[in-house]
Amino acid sequence: MYQFINGSIRQGSSAQTHDVVNPATGAIVATVDLANEDDVDSAVAAARAAFPAWARTPPGERSAILHRFAAILSERAEEFAQIESSQTGKPLRLTRNFDVPGTIDNVEFFAGAARHLEGKATGEYSPEHTSSIRREAIGVIGSITPWNYPLQMAGWKILPAIAAGNTIVLKPAEITPLTSVMFAQALHDAGLPPGVVNVLVGTGTEVGAALMAHGDVDMVSFTGSTAVGRTVMEAAAATTKRVHLELGGKAPFVVFEDADVDAAVHGAVAGSLINSGQDCTAATRAIVHRSVYQEFTDKLAERFRDIRLGMQEDDGADIGSLVSFKHRDHVAGMVERARGYAKVIAGGDIPTDGALAQGAFYPATLVIDAAPESEIVKDEVFGPVLVVLPFDDDDEAIRLANDTVYGLAASAWTSDLQKALRATREIHAGCVWVNDHIPIISEMPHGGFKQSGFGKDMSAYSLEEYTQVKHVMFELTGAAEKDWHRTIFALR
Ligand SMILES: NCCCC=O
């Protein structure tokens, strides 16, 4: 049973099941029951019923539950790392050192942030009134999370929502639901009241769509593709829900002529291949000054050819499998089409020998000589594929960096402060790294510009987004007839 509703685990009401597959081996990890629209109604009703009491629970009590939850996650870190790895194909090295500790750090951050909501000072902004601001929880949040970082994304959506006093119904991707259900159960073990967090395992077309359109959901938060994000917005419009979207990306990685090329090469490996490139902030377009283009490309191709694919427990592996065979075929299809108009100088071939041939593996792949308007440059691959494009002057570099509908993340590689400042000012993205690419931290926001969406995850900014601002105004004078009445009305 995999539906976590109102503090207990239940069977989904649809008659269907889904096999969660370890994409590195093809083995079935779990067969999960699937929810349907009736379960959406039950979960939303539970979240609605839990909302008034949870919203009134003092921040210190919410915080204490989150601190206990962080302790439980720390005790069970290895179990979470194992299951996250088995449902995604990620190396255990990644889940142990990135997914799980990152999530625990997020829990600890929001345990503190719950007690630290900022607001404008109460004051007499009009001579006859005292104004103050209340930041209130919004209500029931409906959330859909993706398959690339199931555990971290559950944290990014659930934690700010409940820290701010909301209740939530979360639907993880049905191909990677296991750690999201465990996350909710562990929160309950930490003392979270029933109904505050509910998790439904189901399909996007049935459960996701019903949740986004539900009349008793006040806000929707979604991480996934820009195309699906648009349908979320449309569904939310029917009842004017708040919308929080973290969508696609096509991050530029700009290497200026004065960059430390070796550092940029290392950065390109880490920034484009993390999580096998299944990361919406991953470097996807290296835009490199022509004076260092050949050196950068040669060194990077050599590194990419050395990248080792491996099974989850192989500590010597650099990257694991992609999340599914279907997704591996999508990545391979884009690279195959690119061979018709560009050159693939590293990777590009699905492994055909040994154990790797049984999994959804795809090698680190480097593409050059692609036109800026080609598919591999424009569209999201969401795999271990980096395209390198040359530029001749800084105006062209900035223009190429911004030549995308997306604006989630970017990086600039330079030792020149002026170039770095220009890049951080002129590249339109929610995050611009200088001389690095990918690090995230709980204190800083993550979220996009342009068609990468709007709304921030992590940080105090996300906590605020799960609140609504209320202006409370007290009349001060006690007079029946106020000064402002006389200003506007010809009273007799
Ligand atoms: N590195 C964080 C990425 C979040 C979504 O893919």
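Residues are numbered from 1 along each chain as its sequence is written, and side-chain values use heavy atoms, with hydrogens and water left out. Because the model is predicted, local features need pLDDT of at least 70 and side-chain atom pairs count only at pLDDT 80 or more, while totals for chains, interfaces and linings use all residues.

**Overall form**

The chain has 16 helices and 22 strands, where helices (H or I, at least four residues) and strands (E, at least two) are DSSP runs numbered from the N terminus. Its C-alpha trace spans about 85 × 55 × 40 Å along the principal axes.

**Helix packing**

Two packed helices are described by the angle between their axes and the distance between the axes. Axes are lines fitted to C-alpha atoms, for helices over the stretch in contact, and angles run from 0 to 180 degrees between N-to-C directions.

| Helices | Angle | Axis distance |
|---|---|---|
| α1 (residues 37-56) and α7 (residues 204-213) | about 40° | 9 Å |
| α2 (residues 59-75) and α5 (residues 150-163) | roughly 150° | within 10 Å |

The angle of about 40° between α1 and α7 makes α1 oblique to α7, whereas α2 and α5 are roughly antiparallel to each other; angles under 35 degrees count as roughly parallel, over 145 as roughly antiparallel, 65 to 115 as roughly perpendicular and the rest as oblique.

In the contact (heavy atoms within 4.5 Å) between α2 and α5, R62, L66 and F69 of α2 meet L159, I162 and A163 of α5. By class, these residues comprise 5 nonpolar, no polar and 1 charged, with Ala, Val, Leu, Ile, Met, Phe, Trp, Tyr, Cys and Pro counted as nonpolar, Asp, Glu, Lys and Arg as charged, and the others, Gly among them, as polar.

On the α1 side of the other packing, E37, V40 and V44 meet E206, V207, A210 and L211 of α7, and this contact has 5 nonpolar, no polar and 2 charged residues.

**The sheet**

Strands β5 (residues 123-126) and β6 (residues 129-137) pair in the antiparallel sense over 2 bridges, pairing being assigned if DSSP finds at least two bridges between two strands. They form a hairpin with 2 residues between them, and S131 in β6 is the bridge partner of G123.

An open sheet of 3 strands has the order β5-β6-β22, with antiparallel pairing. Here β5 and β22 (467-475) stand at the edges, each with a single partner strand, so one side of each lacks a neighbour in the sheet.
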